[in-house]
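I opened my notebook to look around a structure that is new to me. Come along as I jot down what I looked up.

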Amino acid sequence: MTETPTGETALAADGRLAYARPMAGADDTELMQRYADGDHTAFEPLYRRHNDAVYRYLVRLSGNAATAEELAQEAWTKLIDARRRYHASAQFRTYLFRIAHNAFIDRVRRHRHREETLLAEPAADSRQAPDALSDNEALRQRFQAALLALPIDQRDAWLLHEEAGLSIDAVASATGVNRETAKSRIRYAVRKLKDRLAAELVPGDV
């Protein structure tokens with residue numbers, strides 16, 4: 001017998017660990033630890049919980065839906081490949097978004113000689129009236145353009161904080177910088193977004 005990451009009893013069986021807590025009640029760290037220990041059924045709930053958030057982060061970071069899809073798949077593949085080296089030294093969400101961040105930065109470095117940024121197409125909400133859809137689409141494109149005008153490090157930090165919901169300390173961990181640098185990047189991003197969006201407003205917009 002051993003103890004689970006949450007202190008529950010785990011029984012050795014055929015070289016694998018059988019955890020006492022039901023899968024649905026396990027938190028992210030425990031699920032990832034189960035997966036690292038060889039329980040492949042633990043991957044699916046992690047994927048369901050976090051894939052949409054990873055994709056949203058990457059599509060707003062890259063500005064390109066196809067690129068975001070590729071990078072999200074790459075991030076999950078890297079997590080799968082690294083599962084046996086996983087240690088619960090940080091929250092799983094921070095660990096996952098660090099992988100997604102690194103996948104994006106690697107893509108930028110490989111393709112820095114050509115522009116890959118294209119505005120992504122969101123799914124329309126059929127419950128909204130056509131004029132509301134038009135207004136929301138214009139606002140979405142304006143905001144995405146403002147995001148893409150930010151330096152990559154500021155855009156990345158802001159999205160990790162606001163879109164992915166990471167704390168400033170977690171943003172620093174995910175991007176490999178100290179806390180003050182992460183905090184400054186977020187602060188500058190907020191200021192630039194506000195300034196750009198305010199400058200673009202016309203009387204018909206308000």
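These entries go from the core to a pair of helices and then to a glycine.

**Entry 1: the model.** I noted before anything else that this is a predicted model.

**Entry 2: the core.** I looked up the largest nonpolar core and found that it has 50 residues. Which members touch the most others? They are L58 and L79. I then listed the elements that give two or more residues to this core: α1 (28-36), α2 (43-62), α3 (65-81), α4 (92-110), α5 (130-149), α6 (152-162), α7 (168-175) and α8 (179-200). The most comes from α4, which gives nine residues.

**Entry 3: around L58.** I set aside the neighbours within four places in sequence and asked what L58 is in contact with. My list reads G63, A68, L71, A72, A100 and F104.

**Entry 4: α3 against α4.** I checked how these two helices meet. Their axes come within 9 Å and cross at roughly 125 degrees, so α3 is oblique to α4. I wrote down the crossing as right-handed. On the α3 side, the contact is made by T67, E70, L71, E74, A75, W76, K78 and L79. On the α4 side, I found F92, Y95, L96, I99, A100, A103, F104, R107 and R110. Sorted by class, this contact has 11 nonpolar, one polar and five charged residues.

**Entry 5: G63.** I went back to G63, one of the contacts of L58, and found it in the loop between α2 and α3. Is G63 buried or exposed? G63 counts as buried because its relative accessibility is 0%. I also looked up its C-alpha separation from L147, 84 residues away along the chain, and noted 8.8 Å.

How values were computed:
Residues are numbered from 1 along each chain as its sequence is written. This is a predicted model: local features need pLDDT of at least 70, side-chain atom pairs count only at pLDDT 80 or more; totals for chains, interfaces and linings use all residues. Side-chain values use heavy atoms; hydrogens and water are left out. A nonpolar core is a set of buried Ala, Val, Leu, Ile, Met, Phe, Trp, Tyr and Cys residues joined through side-chain atoms within 4.5 Å. Buried means under 20% relative accessible area, exposed over 50%, partly exposed in between (1.4 Å probe, protein chains only). Helices (H or I, at least four residues) and strands (E, at least two) are DSSP runs, numbered from the N terminus. Contact means heavy atoms within 4.5 Å. Axes are lines fitted to C-alpha atoms, for helices over the stretch in contact, and angles run from 0 to 180 degrees between N-to-C directions. Angles under 35 degrees count as roughly parallel, over 145 as roughly antiparallel, 65 to 115 as roughly perpendicular and the rest as oblique. A crossing is left-handed if the near helix is turned anticlockwise from the far one by less than a right angle, and right-handed if clockwise. Ala, Val, Leu, Ile, Met, Phe, Trp, Tyr, Cys and Pro count as nonpolar, Asp, Glu, Lys and Arg as charged, and the others, Gly among them, as polar.
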